[in-house]
Amino acid sequence: MNGMSERDYSNHSGMSRGAVQNAKRSGRLVFYADGSINAVASDARRVEMTDPDQQRLSLGGDAAMPISGSGGSDSYLKARTALTVYQAQERQLAIQKKKGMLVDRARAEALVFRLARQERDTWVTWPSRVAALMAAEVAAAAETRSGAPVMIDAAIMQRVLETHVRAQLEALADLRVSLG
């Protein structure tokens with residue numbers, strides 16, 4: 001006998017005897033003229049003809065799969081793993097979005113921009129709304145302390161307030177919102 005028996009090849013390849021018989025029926029084994037199994041040629045043919053997922057399952061899962069030197073099945077497994085990881089991440093993001101944990105980035109940036117613009121517009125118009133009131137309050141406080149009538153021009157108060165508010169807004173203009 002030149003080669004191996006089914007039992008010997010089963011031990012050699014790590015396959016069950018039933019799997020060896022299935023491989024024999026499907027033509028994935030190479031035989032010598034005497035009917036014994038050519039182990040080297042059969043191993044090569046099985047690698048060429050067997051789906052890597054099926055090989056891994058028949059050997060008992062990921063841990064039992066030998067790391068081969070061939071780039072074909074190794075790259076297939078890497079691609080398959082990458083696809084599975086991507087699909088899992090995609091499902092997780094969909095779940096988070098449904099739960100309201102995620103928001104659309106473009107919408108969030110537009111909302112932040114609109115809020116900042118409203119805030120700036122409110123501050124730009126603030127001096128004209130409060131200048132006369134502030135001038136009257138400062139004049140009343142000055143009259144109380146000095147006892148003499150004091151007049152503060154509301155237009156001057158407004159210009160002073162506008163100058164300080166614009167300086168503050170210019171300082172805030174350098175702030176950038178980064179959402180990512």
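Colleague: How many salt bridges does the count come to?

Modeller: Happy to start there. This is a predicted model, where local features need pLDDT of at least 70, side-chain atom pairs count only at pLDDT 80 or more, and totals for chains, interfaces and linings use all residues. Residues are numbered from 1 along each chain as its sequence is written, and side-chain values use heavy atoms, with hydrogens and water left out. With a salt bridge taken as a side-chain nitrogen of Lys or Arg within 4 Å of a carboxyl oxygen of Asp or Glu, the count comes to 6.

Colleague: Is Glu6 buried or exposed?

Modeller: The classes rest on relative accessible area: buried is under 20%, exposed is over 50%, and partly exposed is in between (1.4 Å probe, protein chains only). Arg17, at 39%, counts as partly exposed, and so does Lys24, at 41%. Glu6 has a relative accessible area of 17%, so Glu6 is buried.

Colleague: Which residue forms a salt bridge with Asp121?

Modeller: Asp121 is partly exposed, with a relative accessible area of 35%. The closest N and O atoms of the pair are 2.9 Å apart. The partner, itself partly exposed at 39% relative accessibility, is Arg120.

Colleague: How many helices does the chain have?

Modeller: Helices (H or I, at least four residues) and strands (E, at least two) are DSSP runs, numbered from the N terminus. From that end on, the elements run α-α-α-α-α-α-α. There are 0 strands, and the number of helices is 7.

Colleague: Which residues is His12 in contact with, leaving aside its neighbours within four places in sequence?

Modeller: His12 lies in helix α1 and counts as partly exposed at 41% relative accessibility. The C-alpha atoms of His12 and Asp43 are separated by 9.8 Å, and these residues are 31 apart along the chain. Contact means heavy atoms within 4.5 Å, and on that basis the partners of His12 are Met4, Ala39 and Asp43.

Colleague: Which element gives the largest share of the lining of the largest pocket?

Modeller: On a 1 Å grid over the protein atoms alone, a pocket is an open set of points where a 1.4 Å probe fits, with protein on both sides within 12 Å along at least five of seven lines; lining residues have an atom within 4 Å of a point. The largest pocket is lined by 19 residues, with Ala116, Arg117, Leu172, Ala173 and Leu175 nearest its centre. The elements giving two or more residues to this lining are α6 (105-146) and α7 (154-172). The largest share, 10 residues, comes from α6.

Colleague: How much space lies in the largest pocket?

Modeller: Grid points are joined across faces, edges and corners, and the volume is the space filled by probe spheres set on the points. For the largest pocket, that space is about 670 Å³.
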